[in-house]
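Take a moment with the fold below before reading on. Trace the chain slowly from end to end, then come back to the text.

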Amino acid sequence: MPQAEINTTFGKDSSFTAQRVAKHRGEHTDIPYAKQISTILEELFGPVPDNPNIPVSFHAYLELRYKYLDLLLKESKATKVFEIASGLAPRGLIHSGTKGIQYVEMDLPEEMRLKEQIIRTLCKKQGISFPEKLWLQGGDGSHPEDFKRACDYFKGDGLLAILFEGHWRYLSFDDKHEELESARLELTKHGGRLITPDIELLEGMTLARSQAYEKFRQTSGKDVRPNLFKTLEHAISFCKDRGFKVKYYSTADTARDMYDSLVSPKHFNLNKEDLATSLSHRYTFVLEVA
Ligand SMILES: C[S@@+](CC[C@H](N)C(=O)[O-])C[C@H]1O[C@@H](n2cnc3c(N)ncnc32)[C@H](O)[C@@H]1O
């Protein structure tokens with residue numbers, strides 16, 4: 001698709017956050033292909049503006065959630081992976097084809113077109129072919145027909161892992177409900193689990209956090225607060241009521257465990273306890289059909 005047809009007005013559409021996350025990953029982490037993706041993004045579409053309002057702990061959180069999700073994916077032993085709202089993350093490029101993994105990514109159509117162009121450019125620059133078992137599908141995770149169409153790519157036996165990272169704060173509770181209904185159907189068919197670090201609570205709101213949500217609302221036009229769970233119990237019962245068994249992991253504890261494997265806290269002079277404290281309102285959920 002010609003570049004002019006892709007909306008790159010950073011900050012004005014719902015996908016701009018993915019561009020900023022990609023830039024962060026390229027500049028402050030050692031995640032494979034992250035640097036190449038952010039470089040190509042800016043070469044093709046111009047500079048991604050920095051957001052001075054983002055607290056440094058949020059940068060470290062972005063690296064943590066990516067790496068932790070990778071660990072949980074490995075643990076799941078899934079050979080079919082469906083990553084919803086994948087943005088410009090390199091996980092699909094890295095995992096597809098290894099150990100027979102079939103990998104389907106979905107994001108809103110415009111974001112997926114942007115991604116396809118970036119991944120094709122990256123493959124060309126690296127002299128590698130576009131992975132045979134990677135499918136980039138435009139769609140909305142809360143639309144059952146888009147969800148099903150994406151999962152129709154999977155062939156044969158093997159467990160499914162459904163992933164999403166940085167996406168649920170943008171979904172209303174009705175849309176979360178739709179996504180979980182579709183996930184339950186597919187997990188019933190294939191076996192496996194849904195893994196997400198996106199459980200974000202209103203409980204324990206600090207002034208700094210409240211100001212960050214407000215600044216985000218002013219710059220993006222999106223108020224995510226109505227989409228957040230009130231408490232951990234609220235998040236657990238929301239998932240249980242939709243037919244799932246819930247395992248949960250405190251992101252603060254994960255930060256303590258994984259601190260030494262993170263690059264970005266060192267870039268920002270952020271110590272382990274300060275990082276953990278800043279993440280006390282976040283959890284990772286692993287859901288299996290009850
Ligand atoms: C903060 S970005 C995270 C992207 C990626 N997971 C990462 O960590 O780099 C949020 C992404 O959610 C996508 N998104 C928001 N609502 C969506 C929906 N209903 N269906 C699919 N993708 C959605 C946006 O387009 C955007 O790419």
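The paragraphs below go from the sheet to the helices and then to single residues.

First, the ground rules. This is a predicted model, in which local features need pLDDT of at least 70, side-chain atom pairs count only at pLDDT 80 or more, and totals for chains, interfaces and linings use all residues. Residues are numbered from 1 along each chain as its sequence is written. Helices (H or I, at least four residues) and strands (E, at least two) are DSSP runs, numbered from the N terminus.

Two strands pair if DSSP finds at least two bridges between them.

Now look at strand 2 (residues 102-107). Six of its six residues are buried, so strand 2 is largely enclosed by the rest of the structure. A residue is buried if 20 or more other C-beta atoms lie within 10 Å of its own, exposed if 12 or fewer, and partly exposed in between; the C-beta atoms are placed from the backbone. Gln102, Val104 and Met106 point one way from strand 2. Tyr103, Glu105 and Asp107 point the other way.

Strand 2 has partners to follow. It runs parallel to strand 1, and five bridges join the two. Here lysine 80 stands opposite glutamine 102. Strand 2 and strand 3 also pair in the parallel sense, over five bridges. Valine 104 has tryptophan 135 of strand 3 as its bridge partner. Methionine 106 has glutamine 137 of strand 3. How does the chain get from one strand to the other? Strand 2, helix 5 (residues 109-126) and strand 3 make a right-handed β-α-β unit. Right-handed means that, with the strands pointing away from the viewer, the path from the first strand over the helix to the second runs clockwise.

Move along the sheet to strand 5 (residues 192-200) and strand 7 (residues 282-289). These two run antiparallel and are joined by five bridges. Isoleucine 195 stands opposite valine 286 of strand 7. Touching, or contact, means that the C-beta atoms of two residues, placed from the backbone, lie within 7 Å.

Which residues make the contact? Helix 3 brings Leu64, Lys67 and Tyr68, and helix 10 brings Thr254, Ala255 and Met258. They divide into four nonpolar, one polar and one charged. Ala, Val, Leu, Ile, Met, Phe, Trp, Tyr, Cys and Pro count as nonpolar, Asp, Glu, Lys and Arg as charged, and the others, Gly among them, as polar.

Next, some single residues. Tyrosine 248 is in strand 6. It is partly exposed, with 15 other C-beta atoms within 10 Å. Leaving out residues up to four places away in sequence, tyrosine 248 touches Ile236, Tyr283, Thr284 and Phe285. Tyrosine 248 and threonine 196 are 52 residues apart in sequence, and 9.7 Å apart in space, C-alpha to C-alpha.

Finally, check two backbone angles. Tyrosine 33 is not a glycine, yet it has a positive phi of about 70 degrees. It sits in the loop between helix 1 (16-28) and helix 2 (34-45). Alanine 85 is not a glycine either, and has a positive phi of about 60 degrees. Its place is the loop between strand 1 and helix 4 (91-95). Is alanine 85 buried or exposed? It is buried, with 26 other C-beta atoms within 10 Å.
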